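Hello,

Here is the structure for you to look through. My notes follow below it.

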Amino acid sequence: MRFGVVGSPATLDPYSPVASELTYELAVPVYPSLYRFDPRGHPYPYLARAIESTRGGVRVSLRRARWSDGRPVSAADVVRTWRRARAPSGFSRVTSARAVGLREVELHGHVRDWKQTLSTLSYVLPGGRPRRLSAGPFRVKSYTPGLRIVFERNRRWWGRPALATLEVEFVQSLQVLLLLLGEGKLDAAAPPSSVNLDARLDALGVHHSDSLGWESVQLRFTGNGLTLAQRRSLGAAVDRAQLARGFVRDEGRISTTLTPGPGADGAHGPWSQQVRAGVPVQRRVTLSAPSGDELLELVQRALQVELKTTAPDLELVSVDPQTFYGRWRINNPTQVALSRTSGAPGSGRDTGAYRQARALPLFEVATVVAWRDGITGVRADPTFDGPFWNIARWTAVPR
């Protein structure tokens, strides 16, 4: 089966500083988590067999599982993974971890909901490091950076996936993705939401599913020379209602939170308290967006018009998605970035990001998957587990 996505990851290591949302999605078939989210945002046990409250934490018992080389998945793997974890992983909220047996681990921390925390991008890696080993339904057969990754069935997984192989193609743009779908060169895909996407997929004669509520579009201010007053002034010049009418329509809605997923509201106060009109920004301002993402490119050009009075010298920058969602996340040389996020805590939830106008929500947008006749099991999942959340249940009838 061949599956298409727009862009490519900078790394396959979910705990690398340059890990992106696509990195997290590609980790789902390979690395287990103690818990996972279903598409409604409800945690369910995955690697965990049982969880018991202790003083200041929990004790988690692991199910009997093995890595693809036959070695057992152990509590020591959980502890070593925890040592490498960083936000937005839920493991980053754990203050201490200790193996108390081959398949029992004690975790401590100031955590209100342990199942939700352990569902949040908390993949368990062999020895805490990314390797060509798997304890999920698939293992990596081959990887060609920028082109494709090929997964093959992991015969040591506790279930049995229907697919023997899954080839994920990294595609340059939405237009190319739709072309490949229409020509039958892809069996399924995760097209980023865009204007009239439903109608365009209908015209191609492919099935599709969408889900609204986690994925969102944000303005991120990178801190390269803009004061708080200037950031608020730029935010005040954005007409979100006009942008929504033009580009989002009934496939999304205006967002007032940086994290529209489950849990505490990420927005601290209404938009009007965070933005306010001010003096024009008398300096060059660069607004970046990932190339190939049709919706963000359209919004980027519309923002250039809306911000013309507030930022007369506004320059648009287009960056390939691998770079934009990779190393630019750490050191973005532009002043303003227009990006998508799936609502993972840490990708926008920190209260300071909102109060200091370093991140402002624009819209919640639909998460979409599409597939040809003969494919079953594919279903949109707006969480950060992405389209492969239930990959073990996919089936494909040969052409």
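**Notes on the model**

Ser216 has contacts (heavy atoms within 4.5 Å) with Leu258, Pro260, Ser339, Arg340, Thr341, Phe363, Glu364 and Val365, leaving aside residues up to four places away in sequence. Ser216 lies in strand S13, residues 216–221. Its relative accessible area is 1%, so Ser216 is buried (buried means under 20%, with a 1.4 Å probe and protein chains only). Strands and helices here are DSSP runs, of at least two residues (E) for strands and at least four (H or I) for helices, numbered from the N terminus.

This is a predicted model, in which local features need pLDDT of at least 70 and side-chain atom pairs pLDDT 80 or more, while totals for chains, interfaces and linings use all residues. Residues are numbered from 1 along each chain as its sequence is written, and side-chain values use heavy atoms, without hydrogens and water.

There is also an open antiparallel sheet of 4 strands, in the order S4-S5-S7-S6. Strands S4 (48–54) and S6 (96–101) are at its edges, each pairing on one side only; to pair, two strands need at least two DSSP bridges between them. From one strand to the next, the twist averages 20 degrees. Angles run from 0 to 180 degrees between N-to-C directions, with axes fitted to C-alpha atoms, for helices over the stretch in contact.

S6 and S7 (residues 104–108) are antiparallel and joined by 5 bridges. The two strands make a hairpin with 2 residues between them. Across it, Arg98 is opposite Glu106, and Ser96 has His108 as its bridge partner.

Regards

Notes
Buried < 20%, exposed > 50% of the residue type's maximum accessible area, 1.4 Å probe, protein only.
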